[in-house]
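I opened my notebook to get to know a new structure. Come and look along with me.

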Amino acid sequence: MLSVTDLQKTYPSGDEALKGVSLDVTGNETVAVIGPSGAGKSTFIRCINRLTEPTGGTVELDGLEITGLSGKELRNARRDMGMIFQEYNLIERLTVMENVLSGRLGYVSTWNAFRRKFDGDDIERAYEVLERVGLEGHENNRADELSGGQRQRVGIARAILQRPKILLVDEPTSSLDPETSRAVMDLLVEIADEDDIPVLINIHEVDLAEEYSDQIVGLRDGEKVFEGTPEDLDETARGQIYRGEEIPDESAVKSPSDDGSSASDSATQEGAMRRG
Ligand SMILES: Nc1ncnc2c1ncn2[C@@H]1O[C@H](COP(=O)(O)OP(=O)(O)OP(=O)(O)O)[C@@H](O)[C@H]1O
Ligand SMILES: [Mg+2]
């Protein structure tokens, strides 16, 4: 279980990207985070695994406080959180297999980190994982030879190779056409179900969020302004999230944890609902 409490991030620029967001993610549920551009969705996901350092609040995964860790402990904890990126973050000149194996190293940033040896078990499992995401036969293709959908599948394979306890996914479909987007969403939900892990996913496309998620969280201006099921996401909720409209009635905010979420009263900012 992921438990985020009062998460805050103020960038050195003074930008308050997160103003105290709390959220629990349990079981094998798919939780979609929606909200206009600049709402803090990416910051939220990146603060959970501390690719971005939060300035306040706590993150716990299965009882382990991620926000208190450093060095090796932090690297180990990050392996428990499979991260899937919008722009795939593949190493272009490496093969599919090499990219997937890089998941064993946590977050690979340098060529050198990659040169470490992988054991036979890792390689065998990488074949299994590639088959699972529908990339069997592409093991030796270079990453830069793949289509967008295939590239995202490599990203997913890399994330699940490490047997994570949760998947953190930032806009996995915004560079993909609608059909490929749906295939990627199908795959993510299938993994959550089969591996019995939760998926926390930032997504611009509200229709995909509604179709694929169990819970939807609406961020606006660094605050959680909505939490509920897809059925709860009515016009009022959309107005709050995308147009910063006042809540006419307290009950319109579905916030089971009652952690003080409130509607933003800031000026209207057009909800940038990009389409892939
Ligand atoms: N590295 C950074 N330094 C300074 N400010 C940043 C940085 N990254 C994000 N921000 C600011 O923090 C706020 C939230 O940005 P974030 O990228 O988390 O939003 P988002 O909801 O993911 O937007 P998008 O839908 O466009 O991806 C914005 O005001 C943004 O300008
Ligand atoms: Mg983003």
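Here are my entries, from the whole chain down to single residues.

**Entry 1: the whole chain.** I noted before anything else that this is a predicted model. I looked up the secondary structure of the protein chain and found nine helices and ten strands. Next I checked burial: of the 276 residues in the chain, 51% are buried. For the surface I wrote down an accessible area of about 12,400 Å², with 42% of it belonging to carbon and sulfur atoms. I also looked at contacts between residues with a separation of 6 or more, and 69% of these join residues 24 or more positions apart.

**Entry 2: around ligand 1.** Which residues are closest to ligand 1? I found 14 residues surrounding the ligand, and the closest are Ser37, Gly38, Lys41, Ser42 and Thr43. Sorting the shell by class gave me four nonpolar, seven polar and three charged residues. Helix 1, residues 41-48, gives the most to this shell, with three residues.

Then I turned to the oxygen atoms of ligand 1. A side-chain N or O atom of Lys41 is 2.7 Å from one of the ligand's oxygen atoms. For Asp15, a polar side-chain atom lies 3.2 Å from a ligand oxygen. Ala39 uses its backbone instead: an N or O atom there lies 3.2 Å from an oxygen atom of the ligand. Taken alone, ligand 1 exposes 640 Å², and the protein buries 65% of that.

**Entry 3: helix 6.** I checked the length of helix 6, residues 148-161. At 1.5 Å a residue its 14 residues should span 20 Å, and the end C-alpha atoms are 20 Å apart, so the two agree. Is this helix mostly covered or mostly open? I found it mostly covered, with twelve of its 14 residues buried. Among the buried ones are Gly149, Arg151, Val154, Ile156 and Leu161.

What do these buried residues pack against? My list reads strand 6 (81-84), helix 3 (96-101), helix 5 (120-132), strand 7 (166-170) and helix 7 (178-195). Following the chain past helix 6, I came to Arg163, whose phi is positive, near 50°.

**Entry 4: Gln240.** I finished with one residue of helix 9 (residues 235-243), namely Gln240. Is Gln240 buried or exposed? Its relative accessible area is 1%, so I put it down as buried, the cut-off being under 20%.

Note on methods. Residues numbered from 1 in each chain as written. Chains lettered and ligands numbered in written order. Predicted model: local features only at pLDDT ≥ 70, side-chain atom pairs only at ≥ 80, totals over all residues. Heavy atoms only, no water. Near = heavy atom within 4 Å. Polar contact = N/O pair within 3.5 Å; in protein donor to acceptor, adjacent residues only side chain to side chain. Areas by Shrake-Rupley, 256 points an atom, 1.4 Å probe, with all protein chains shown as cover. Helix = DSSP H or I, 4+ residues; strand = E, 2+ residues; numbered from the N terminus. Nonpolar A, V, L, I, M, F, W, Y, C, P; charged D, E, K, R; others polar. Buried < 20%, exposed > 50% of the residue type's maximum accessible area, 1.4 Å probe, protein only. Contact = heavy atoms within 4.5 Å. Expected span 1.5 Å × (residues − 1).
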